[in-house]
Amino acid sequence: MSQDNKDSGSVVDTSLENSSLAGKYLTFYLDDEEYGVDVLQVKEIISIVPITKVPQTPPFVMGVINLRGEILPVINLRRFLKIPKTEQTPSTRVIVSEDGDLRAGLIIDSITRVFSLRDTDIET
C-alpha cells in the first residue's frame with residue numbers, strides 16, 4: 001500500500017506501518033551476522049547434500065537438489081549477500097523455504113534458534 005504525499009510529490013510506502021511482522025522466526029548465522037526468516041516459510045532444514053550444477057545461472061545459484069522427487073534450486077546466501085566465502089562446516093545447513101509458489105534451498109552457516117517477535121519489539 002502506498003500513499004501519495006501531496007506536499008512533496010513523493011510516494012510514501014506505508015505497508016510496514018499497516019502490517020504486523022509479529023510471529024515466530026528461525027534465526028541463523030552467515031559469517032558473524034544473525035538473520036531471520038518467518039518460521040512459516042521454513043518447510044524443513046537439511047544437511048548439505050550433493051548439488052547438481054546448472055550452467056548459465058547467477059553465481060549465487062549453486063545448482064539443484066532432488067529432495068524426495070522434487071527438484072529445488074539451491075542458493076548460497078553468502079554469495080547472494082556478497083559475504084566472503086568460507087568452507088562448509090558440520091553446522092552448515094540448507095533451509096528449505098517456501099514463499100507462495102517459490103520454493104528453494106538456502107545454504108546458511110548455522111541455525112541459531114526459533115523465537116517469537118511481538119509488535120512492540122519492532123520499530124518501523
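Val114 is partly exposed, with a relative accessible area of 48%; by this scale, buried means under 20% relative accessible area, exposed over 50%, and partly exposed in between (1.4 Å probe, protein chains only). The structure is a predicted model, in which local features need pLDDT of at least 70 and side-chain atom pairs count only at pLDDT 80 or more, while totals for chains, interfaces and linings use all residues. Residues are numbered from 1 along each chain as its sequence is written, and side-chain values use heavy atoms, with hydrogens and water left out.

Val114 belongs to strand S10 (residues 110-117). Helices (H or I, at least four residues) and strands (E, at least two) are DSSP runs, numbered from the N terminus. Which residues does Val114 contact, leaving aside its neighbours within four places in sequence? They are Lys24, Tyr25, Leu26 and Val39, where contact means heavy atoms within 4.5 Å. Lys24 is 90 residues from Val114 in sequence, yet the two are 6.6 Å apart in space, C-alpha to C-alpha.

The pairing of strands places these contacts in context. Two strands pair if DSSP finds at least two bridges between them. Strands of a sheet pair through backbone hydrogen bonds, either parallel or antiparallel. Strand S3 (residues 23-30) is joined to S10 by 7 bridges, and the two run antiparallel; Tyr25 has Phe115 as its bridge partner in S10. S3 is also joined to strand S4 (residues 33-38), by 6 bridges and again in the antiparallel sense. Here Leu26 stands opposite Val37 in S4.

S3 and S4 form a hairpin with 2 residues between them. Asp31, in the loop between these strands, has a positive phi of about 60 degrees although it is not a glycine. Most residues other than glycine have a negative phi. Asp31 is partly exposed, with a relative accessible area of 42%. Arg68 also has a positive phi, of about 50 degrees, and is not a glycine. Arg68 is found in the loop between S6 and strand S7 (70-76). Is Arg68 buried or exposed? Arg68 counts as exposed, because its relative accessibility is 65%.

Attention now turns to an open sheet. Its 5 strands follow the order S5-S8-S9-S7-S6, and the pairing is mixed. Strand S5 (42-47) and strand S6 (61-67) stand at the edges with a single partner strand each, so one side of each has no neighbour in the sheet. From one strand to the next, the twist averages 30 degrees; axes are lines fitted to C-alpha atoms, for helices over the stretch in contact, and angles run from 0 to 180 degrees between N-to-C directions. Within this order, strand S8 (residues 93-99) and strand S9 (residues 102-108) pair in the antiparallel sense over 7 bridges. Val96 has Gly105 as its bridge partner in S9.

The final topic is the interior. A nonpolar core is a set of buried Ala, Val, Leu, Ile, Met, Phe, Trp, Tyr and Cys residues joined through side-chain atoms within 4.5 Å. The largest such core has 12 residues, among them Leu26, Val37, Val42, Ile83 and Leu106. S3 and S9 are the elements that give two or more residues to this core. A second, separate core of 9 residues includes Ile65, Val94, Val96 and Ile107. Ile83, a member of the largest core, touches Leu30, Asp31, Tyr35 and Arg78, not counting residues up to four places away in sequence.
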